[in-house]
Amino acid sequence: MNTAYRPRRTCLSVPGSSRKFIDKAKGLPADQVFLDLEDAVAPEAKAAARPVVAAALAESGWGQQMRGVRVNDWTTPWTHADVIEVVAGAAGALDVIVLPKVTDVAHVSALDLLLTQLEHTHGLEVGRIGIDAQIEDARGLSQVDAIAAHPRVHALVLGPADMMASLNMRTLVVGEQPEGYDIGDAFHHVFMAILIAARAHGKAAIDGPYLKVRDTDAFRAVAGRSAALGYDGKWVLHPDQIAAGNEIFSPRQADYDHAELILEAYEWHTSTAGGARGAVMLGDEMIDEASRKMALVIAGKGRAAGMQRQAPPFTPDSGR
């Protein structure tokens, strides 16, 4: 299984029944594109949308995006046909299946068993197709650690609208603070529960969509909160949100440059040539093993995003 880190700063949702939107998505700079067979497709149109999605995923013209499909959840009559038809028709081009409304690890296990059979049937690498598990209600949140622990799960995704309905939040604006909650962040516990479960098991954590698609300033504010906590990215529903999302979920240039400097300085100072020291000064800042771990996170995300260093590299004299 390919476990190399791939950026997920922006995950673009595209209606699976629209060739126009699918063709446009191929040229957009989102890190992930998934074709939606769930909420974006009416019940009467789902069967006709499946071959469209499968063929589109297998076509040429895609860039480096991760390619995925969101199927319908297991409480519906459509899930098994969604998975069987898309996996069979996508010819190995499918990277991930987004499974909505996951309330128990059994939902993931059922999809894992079906995917394993299909991978054997179609000569695909077993385990290659990942699962993004959407956590969308109180039951799913209460089971999030077990869900994250499943080896087929690659990411946990917050489903904010259904979560807000499940919690009976008194608002109709997805992602915004409910009126009257004026201290702190009403979503903080939800964000942190998903993030902690994801990180405990080495999985990605993805924030859900912001529905006011033309309000880029509001999108930046909402996305900035989950980015600050450490989320890997956010769903986007409109091309106008992609540039902002890619920027927000990438390290700031100064932070990326400094992270690379810390890694170089620490490597040198802990070497025999550098004195084999475990804690040293880098300018006015003391760095140690914990500093290295923090710098690895920032540098890793910057490298995955294709950032180029703009500050000079470390030299033994530069930290004095």
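Predicted model: local features only at pLDDT ≥ 70, side-chain atom pairs only at ≥ 80, totals over all residues.
The domain assignment divides the chain into domain 1, residues 10–249, and domain 2, residues 253–305. Colour the two separately; their C-alpha centres lie 34 Å apart.

**First stop: helices α3 and α4**

Select residues 79–89, which form helix α3, and residues 105–121, which form helix α4. Two packed helices are described by the angle between their axes and the distance between the axes. Here the angle is about 30 degrees, and the axes are 11 Å apart. Angles under 35 degrees count as roughly parallel, and α3 and α4 are therefore roughly parallel to each other. Their crossing is right-handed. By class, the contact of α3 with α4 comprises seven nonpolar residues, one polar residue and no charged residues.

**Second stop: helices α11 and α12**

Now select residues 253–269 for helix α11 and residues 289–304 for helix α12. How do the axes of these two helices cross? They come within 8 Å and cross at roughly 130 degrees; α11 and α12 are therefore oblique to each other. The crossing of α11 and α12 is left-handed.

Display the residues that meet here. From α11, these are Asp255, Tyr256, Ala259, Glu260, Ile262, Leu263 and Tyr266. From α12, they are Glu289, Ser291, Arg292, Ala295, Leu296, Ile298, Ala299, Gly302 and Arg303. Colouring by class shows nine nonpolar, two polar and five charged residues in the contact of α11 with α12.

Methods
Residues numbered from 1 in each chain as written. Heavy atoms only, no water. Axes fitted to C-alpha atoms, helices over the stretch in contact; angles between N-to-C directions. Helix = DSSP H or I, 4+ residues; strand = E, 2+ residues; numbered from the N terminus. Parallel < 35°, antiparallel > 145°, perpendicular 65-115°, else oblique. Left-handed = near helix turned anticlockwise from the far one by under 90°. Nonpolar A, V, L, I, M, F, W, Y, C, P; charged D, E, K, R; others polar. Domains from an automatic or database assignment. Contact = heavy atoms within 4.5 Å.
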